[in-house]
Amino acid sequence: MKLTIPEEEVMNPGHLACQGCGGALAMRYALKVYGKNSMLTIPACCWAVIDGPFPYTTAGVPLFHTAFETAAVVGSGLRAGLKVQGNEETNVIAWAGDGGTFDIGLQAISGAAERNDDITYIVYDNEAYMNTGIQRSSATPHGAWTTTTPVKHYKKGKKKNIIEIMAAHRIPYTATASIAYPEDLTKKLKKAKETKGFKFLHIFAPCPTGWKSDPKNTIKLAKLAVDTNIFPLYEIIDGLEYTQTKKVKKVKPVKEYTKLQGRFKHLNDEEIQYMQEQTDHNYSILEKKFSD
Amino acid sequence: MKKTMMGNFAASWGAQLSRAQVIAAYPITPQTLIVEKLSEIVADGKLDAEFIKVESEHSAMSACIGASATGARAYTATSAQGLALMHEMLHWAALGRLPIVMANVNRAMAPGWSIWADQNDSLSQRDTGWMQIYASSAQDILDSTMLAYKVSEQVLLPTFISFDAFFLSHTVEVVDMPEQEEIDKFLPPFNPEYKMDVKDPRSFGALTDQQYYYEFRYKMQNAMDEAVDVIKEAGKEYEEITGRRYDLVQPYKCEDADLILVTSGTIAETTNVAVDRLREQGKKVGNLKIRVIRPYPKTDILKTVEGAEKIAVIDRNISNGYHGIFSQELKGALYNETDIPVWGLIAGLGGRDVKVEDIIEMADKTLESDSPQDIRWEGVKR
């Protein structure tokens, strides 16, 4: 089998992520593909800490830390600043968590997407505000415990469909990706890198600390999310042309995914069954959009 | 070359003459003409700049921050609610030591909705680490833009130039436009020592623990202190090119004055006329216009008021629960240094007109009074 993942490491050793952090691995892959002629802007999120405190940095590329809701537009500013100085080659990546993307950062993302600014926006989605101590976000799935959705009042309601929101902007490239499928992930990163305009990547990134899962299960959980159809892998060109990049041959039950995570421990069979139905329902809607 | 223009267009031309490279803006009355003109200037190819039409003022400032971090000269303009929305990013720009320049049209904060002159918007941003200039004429707005970049890029702190809604933003005045060549010599391209550069990868604004943060603030204070001299030097250099001198304060007939009125913005221009009329009546009144409030020109103020018997500060702003803001600041500066009594006068909030006769009346009342007042509401309907 021919490997598609670049060998070169851009990220330096010494990052401060928790054991089994999906977000750290996602960044490692992203920088492998984007290379050293890239710069990052990161708002408040785990990665604001993972990169290291002043005067340390692990990223290996210039990194501008910014306020929670501003990653996309600081990216636009970086791009404009480079362009006016004659640099159109350097890749600008806005890198944020689900809170900074699904919630507080959505307005600036929508603005940059509508202007089709030439940046790559990557959300590493760990489904809650993990850096502040596991508070629910609009990316938190139904049924999950968080510190603001305690067991007696666990999250009831749907996870916001950020991909549909981005596709509605008709941006040139939108994709979901997973650290459990690195070839698929790097392929999508390459596509995004080669595309002009606003690119949006949604990377599923398990968080052992917030999900109350064993760090050794991070890849397993990321894989199960895909294999249960909870997090299908696909890409969308110009917001219209949907292509499934990883078709699951034998779909696994949602329970296999939930049982490995403490955040779902309180759920009874009825709730698990409801989650299964919701997952099947969501996938049946999405499936119709895929071209053959 | 002399031209007639509205104050807002003086801001646009100032940005053009300064060769702003990235402009990011969101519309708000009465700022809109500034960015409309700049859109035309950029579209016509008269200025080599990227114009980002953002979806909010918060994003306008954020885009300027990103652009400035790459070493580009960034510009924006706003007013009132827009400036308030930027608040978080104003801190970010200043602590990030990014020399962004902005025009702010002084407009009253809502509710009730008001689009008229009032300084509470900009003075609410007093402690963000921005240098603040209060312009009183269209010429002042134009010249202050170049001067602001000159100073900001030297001390690495951002500056905004504030000026009154409509009284200045939409009033046509004669403005002497400097030649681009002269400005290019005065204001060379921005070339920061540290910037977002793939050849020299660094992180900016990372987690800063108790070992370092305190010193960042200390260094900002040093930069503000240094800025006092840098503003003066830039003012002198600018005078050599244009014949127009700018300083942190602008005293008018203060040398022998018994009463010094302390003013800012367009009220300062009106007060000069009032001073002339009062002088005709044999009353020794002077006008001290505060042009820069951050850094605070304490030394210049003390030097100017020395010898005066009374000071009256006219504030088109109010820190509810205390006093007018220029008045508080002035009293703080005088404390321990002199015992000249100070009257704090509130006037013209929400764009109510302050006429020459009003200022003459304020001066007369102060001259007749023996007891200083923290707040005297001028022309209020009780």
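Domain bounds in what follows come from an automatic or database domain assignment. The model is predicted.

**Exercise 1. Find the domains of chain B, state how far apart their C-alpha centres lie, and describe the side of domain 1 that touches domain 2.**

Step 1. Take the centres. The C-alpha centres of domain 1 and domain 2 of chain B are 27 Å apart.

Step 2. List the contact. Domain 1 of chain B brings 28 residues, and domain 2 of chain B brings 21 residues.

Step 3. Assign the domain 1 side to elements. At least two residues each come from α5 (120–123), β6, β7 (159–164) and α8 (213–242) of chain B. The largest share is that of α8(B), with five residues.

Step 4. Sort by class. This side of domain 1 of chain B holds 17 nonpolar, seven polar and four charged residues.

**Exercise 2. Work out the strand order of the seven-stranded sheet in chain B and explain what is left open at its edges.**

Step 1. Read the order. The sheet is open and runs β3-β2-β4-β5-β7-β6-β13 (chain B), with mixed pairing.

Step 2. Look at the ends. β3 (50–53) and β13 (292–294) of chain B each have a single partner strand, so one side of each has no neighbour in the sheet.

Step 3. Direction ignored, neighbouring strands are turned by 20° against each other on average.

Step 4. β6 (131–134) and β13 of chain B pair in the antiparallel sense over two bridges. Val292(B) in β13(B) is the bridge partner of Ile133(B).

**Exercise 3. Classify the packing of α3(B) against α4(B).**

Step 1. Get the geometry. α3 (57–69) of chain B and α4(B) pack at about 25°, with axes 7 Å apart.

Step 2. Apply the cut-off. Angles under 35 degrees count as roughly parallel. That makes α3(B) roughly parallel to α4(B).

Step 3. The crossing of α3(B) and α4(B) is right-handed.

Step 4. Name residues. From α3(B), the contact includes Met61(B) and Ile65(B); from α4(B), it includes Leu85(B), Met89(B) and Trp92(B).

Step 5. Sort by class. The contact of α3(B) with α4(B) has eight nonpolar, three polar and one charged residues.

**Exercise 4. Describe the contact between chains A and B.**

Step 1. List both sides. Chain A gives 39 residues and chain B gives 37 residues.

Step 2. Find the leading element. α3(A) supplies the largest share of the chain A side, eleven residues.

Step 3. Sort by class. The chain A side has 18 nonpolar, 18 polar and three charged residues.

Step 4. Check for strand pairing. β2(A) and β9 (203–204) of chain B run parallel and are joined by two bridges. Phe64(A) has Phe204(B) as its bridge partner.

Terms used: Residues numbered from 1 in each chain as written. Chains lettered and ligands numbered in written order. Predicted model: local features only at pLDDT ≥ 70, side-chain atom pairs only at ≥ 80, totals over all residues. Contact = placed C-beta atoms within 7 Å. Helix = DSSP H or I, 4+ residues; strand = E, 2+ residues; numbered from the N terminus. Nonpolar A, V, L, I, M, F, W, Y, C, P; charged D, E, K, R; others polar. Pairing = 2+ DSSP bridges. Axes fitted to C-alpha atoms, helices over the stretch in contact; angles between N-to-C directions. Parallel < 35°, antiparallel > 145°, perpendicular 65-115°, else oblique. Left-handed = near helix turned anticlockwise from the far one by under 90°.
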